[in-house]
Amino acid sequence: MTAWSNYCLVAVVGGGAAGMMAAIAAAGMIAAEGVDRLGVAAPVMLLEKSDRVGRKLLATGNGRCNLSNQFMTPDHFHGRDREFVKALLNRFSVNETLEFFRSLGLGCRTESNGRIYPYSLQAAAVLDLLRRAAERSGVETVQHFDVKDIVPIGGPDDGFRVVASDGRFVLARTAIVATGGMAAPVFGCDGTGYLLLNKFGHVCTPLFPAIVQVKTDTEPVRGLAGIKFDGIAGLKIGSHIAKVAAGEILFTDYGLSGPPILGLAREIGSALRTESAEQVFIELDFLPDMEYQDLLGWLKKRGELDPALELSGFLTGLVHKKIGQAIVKRSLEKPLTLARPAAELTDRSLTRMAHFLKKLPIRVTGTRGWTQAQVTAGGLKTDQFNHLTLESNLQPGLFAAGEILDIDGDCGGYNLQWAWTTGHVAGESAALLATGTR
Ligand SMILES: Cc1cc2nc3c(=O)[nH]c(=O)nc-3n(C[C@H](O)[C@H](O)[C@H](O)COP(=O)(O)OP(=O)(O)OC[C@H]3O[C@@H](n4cnc5c(N)ncnc54)[C@H](O)[C@@H]3O)c2cc1C
């Protein structure tokens, strides 16, 4: 590669959702300005360290790609500054995102919970159309380009030398770092992006895994692995219920999973960093539609109506048989075998049973970590970036987009929307700066 042929106006580092969107938006903006006038062979270069762009995208939404959500409000996002989120969502909203995808030929469908998917329910459709859009708009995609350094050249506005680990480099007037966070390293994210920006004075808030399964004491979940139920999980920190989430909860051999648990994981990660592990519990409500007093009455009647009923089947009809047996065992005042009759249950055992069916406490010991996490909580401090353009306040011409920033969203399409929004804003802003239009 000669020094000239690797010259571009905008270099995008990282070919994930945010990077692809940034490259397409930048190329679109440059085309609108008239690329011929600018005399560069490749106005935008997309630099990806692995062998393909968008690998993580293929895994999103269980292969269906939950690309956004109809209910897009800043309170679905977390980080130090929700106003930052608000300002950016106003610059490139859900409607504009859907319009963008429509213009690429992607139809979308919205489920009753607000989650938006490609009409075909195939993540591959989203990736194919993004790749085609990048190609058609003249983005030059370079794979196996593992960026190790971004070096300013000349004066503050002269641009950058973007250097790969094998010594190749690209010269660019502006650069956008969209290297993702630490979550799911199998898709190429290992946190090198933070280091690229640290040298310019950018700092991160503490990083920890979010949207991830939860590890618990194994004793209460032993023997229940693989069983699911529709219920409510409450995160209890000390004596205070910090957050509740409803839906399908799954017992596993390490603890708990399922959408409500993934939804609590961020708060759990945060609590475990500050509280003693002895203080963090998940309380399970197996019967959200029943009030405690009604349930207690039901249990008492059950014993009266069928005193010979074996304890092993006492809760069958209310909950999964194995869950029922685990709760009966835990409720008994003295160790009875489950072959004993219901007549031997004491009032106190029945009260405990009703309590555990509504509030079974399970101590949390951790989360399953970066390999299983879908998202990184924490990231580059947002007050070091312009909230309208995503340009660094510390280094002119340098931008950041996507998960690398200190913003993460709830499960449900919020994280990809963050990638689309920030990618689009950074891409257009970098192109305007590089073409001298801003
Ligand atoms: C299994 C799974 C399912 C998910 N499902 C959903 C979902 O349905 N809906 C939703 O909203 N969110 C979902 N997410 C989260 C969402 O995918 C991410 O938040 C989003 O992809 C982040 O986009 P990004 O472009 O910032 O980073 P990434 O998508 O992580 O892309 C970063 C890219 O940068 C590259 N890179 C890293 N370092 C370098 C370097 N030094 N040089 C060059 N390239 C580099 C990486 O290889 C990667 O391709 C899911 C995540 C996972 C793991």
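**View 1. The end of helix α5.** Just after α5, Gly105 takes on a positive phi of about 105 degrees. Helices here are DSSP runs (H or I, at least four residues), and strands are E runs of at least two, numbered from the N terminus. This is a predicted model, in which local features need pLDDT of at least 70 and side-chain atom pairs count only at pLDDT 80 or more, while totals for chains, interfaces and linings use all residues. Residues are numbered from 1 along each chain as its sequence is written, and side-chain values use heavy atoms, leaving out hydrogens and water.

View 2. Look for Val94, Thr97, Leu98, Phe100, Phe101 and Leu104, which are buried in α5 (residues 94-104); buried means under 20% relative accessible area and exposed over 50%, with a 1.4 Å probe and protein chains only. Exposed Asn95, Arg102 and Ser103 sit on the face turned away from the buried side.

**View 3. Around the ligand.** Here, 34 residues surround the ligand, and the closest are Glu48, Lys56, Gly61, Glu403 and Leu416; each has a heavy atom within 4 Å of the ligand. The largest share of this shell, four residues, comes from α12. A backbone N or O atom of Gly61 lies 2.8 Å from a ligand oxygen atom, and a backbone N or O atom of Lys49 is 3.2 Å from a ligand nitrogen atom.

Technical notes:
A polar contact is a pair of N or O atoms within 3.5 Å; within protein, one must be able to donate a hydrogen and the other to accept it, and residues adjacent in sequence count only if both atoms are side-chain atoms.
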